[in-house]
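Biologist: Could you take me through this model, from its domains and sheets to its pockets?

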Amino acid sequence: MSEKKGLPRVDLPADARLETLAVREGLPPSQWGENSEALFLTSCFVHPDARTAARRFAYEEDAFVYSRFSNPNVTIMERRLAALEGTTGCIGTSSGMGAILLMVMGLLKAGDHVICSRSVFGATIRLLQGEFGKFGVESTFVSQTDLAQWKAALKPNTRLLFAETPTNPMTEVCDIRALADMAHDAGALLAVDNCMCSPALQQPVKFGADIVMHSGTKFLDGQGRINAGALCAPEAMVEEKFVPVMRSAGMSLSPFNAWIVSKGMETLNLRVRAQSDRALALARWLESHPAVDRVFHPGLPSHPQHELAMRQQDGHGGAVLAFNVKGGRDQAFAVVDATRICSIAANFGDVRSIITHPASTTHGRLTEEQRNAAGIGQNMIRLGVGLEDVEDLKVDLARGLDALSA
Ligand SMILES: *Cc1c(COP(=O)(O)O)cnc(C)c1O
């Protein structure tokens, strides 16, 4: 947000709370007084004279210049998300993966070392190990929940710990406070992928995280319309480490997509809590179904990190659950194929419930060994629970499950 720091602010009370900020934070309206944010579909901005243009390009005056690195819709989205995450800065990106790319490019160089949970999003593992491995950034992958493994992996050149909590699809929860302390003692930073909870349920900065990474594709949009991402961090880090990379590398958030995410955030808190309640009701029901071997949802007392999750996630398990059917891939496919309401797709955070077979889709590019290490078997099904009536969702899943146990 560097060239936008001095731009006018929305006139809000200093102590405005989360739901107010989600609806109101952004930029003041234009001279036309629109109540809903206007769309600024323009690739560049016009300056009154050459001298002003020169000052603005040199960062001596705050203004919008060129939409690869500054646009009002992107600024609105960044300010709103920063307010929700409790950070002073935020930078929007083209996708969640674009945000991780920007983070690593901005913070690390060849010879640096990253520690990451081996249960994180499949593309994150590929990006760190495959792409950044090529450029000499080394990564070690450890158990999500075993702090001793994180500690043992620390090296003098460790610069970044990267965690995702809960993980997708296993819903393993890690202790953000403990990892933040460990990172800081080692002179490293902790980044947390907060896609699964969103700031409605969990604000990693409160527990000591330095950077919060988002895929706006998930709950922030909330209606499955666009790809977007963001990094929330202290403003100085955003300006010094991320804005220069964005200016030259261009993983920019499109103004239209930023607008969608900004409108999505207005209803984030209501949606995520309602979807999380439905997910818990389904998880309880699935746990008692004879065709189900195991259910993964942090809201269940049977979840290994239930207590920690309830402390860290404002008493909510989140809207994503996974379950193992008795049997293998054929049985899992049969349950997926018997649904008529759930969408067979690979996303979550949508108001439409989405059913996924992780081993053959989201985690299909991992080796069988990597998948097994992450606990993702061929009999696992993930459900991104939406806003449909929970009784209808039970019927939708029971169609395939009842046939298996018959
Ligand atoms: C979807 C997702 C990402 C990647 O986000 P995109 O917007 O699809 O690039 C990263 N982490 C998690 C946990 C995700 O669910």
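Predicted model: local features only at pLDDT ≥ 70, side-chain atom pairs only at ≥ 80, totals over all residues.

Biologist: What should I know about numbering and about the basis of the values?

Modeller: Residues are numbered from 1 along each chain as its sequence is written.

Biologist: What distance separates the centres of domain 1 and domain 2?

Modeller: The protein chain is divided into domain 1 (18-265) and domain 2 (268-405), with bounds that come from an automatic or database domain assignment. Their contact (heavy atoms within 4.5 Å) takes 43 residues from domain 1 and 41 residues from domain 2. Taken over C-alpha atoms, the separation of the two centres is 27 Å.

Biologist: Which strands are the edge strands of the open sheet of seven strands?

Modeller: Helices (H or I, at least four residues) and strands (E, at least two) are DSSP runs, numbered from the N terminus. Two strands pair if DSSP finds at least two bridges between them. The seven-strand sheet is open, with mixed pairing and the order 1-7-6-5-4-2-3. Pairing on one side only marks the edge strands, which are strand 1 (89-93) and strand 3 (138-142).

Biologist: Which residue of strand 7 stands opposite S215?

Modeller: Strands of a sheet pair through backbone hydrogen bonds, either parallel or antiparallel. Strand 6 and strand 7 (residues 229-233) pair in the antiparallel sense, over four bridges. In strand 7, the residue opposite S215 is G229.

Biologist: Which residue in strand 12 is the bridge partner of A322?

Modeller: Strand 9 (residues 320-325) and strand 12 (residues 380-384) pair over five bridges in the antiparallel sense. Within strand 12, the partner of A322 is R382.

Biologist: Where is Y59, with its positive phi?

Modeller: Y59 is not a glycine, yet its phi is about 65°. Its place is the loop between helix 2 (50-57) and helix 3.

Biologist: What is omega for the cis peptide bond that joins N168 and P169?

Modeller: P166 is found in the loop between strand 4 (158-164) and helix 7 (176-185), and a cis peptide bond with omega of about -10° joins T165 to it. P169 has its place in the loop between strand 4 and helix 7. For the cis bond from N168 to P169, omega is about 5°.

Biologist: Which helix gives the most to the lining of the largest pocket?

Modeller: On a 1 Å grid over the protein atoms alone, a pocket is an open set of points where a 1.4 Å probe fits, with protein on both sides within 12 Å along at least five of seven lines, and lining residues have an atom within 4 Å of a point. The largest pocket holds about 500 Å³ of space, a volume filled by probe spheres set on the points, which are joined across faces, edges and corners. Of its 20 lining residues, L27, P28, P29, E34 and E37 are the closest to its centre. With three residues, the element that gives the most is helix 3.

Biologist: Which domains supply at least three residues each to the lining of the second largest pocket?

Modeller: About 300 Å³ of space lies in this pocket. Its lining has 22 residues, and those nearest its centre are M97, F121, S215, T217 and K218. Helix 4 (96-107), helix 5 (122-134) and strand 6 (211-215) each give two or more residues. At least three residues come from each of domain 1 and domain 2.

Note on methods: Heavy atoms only, no water.
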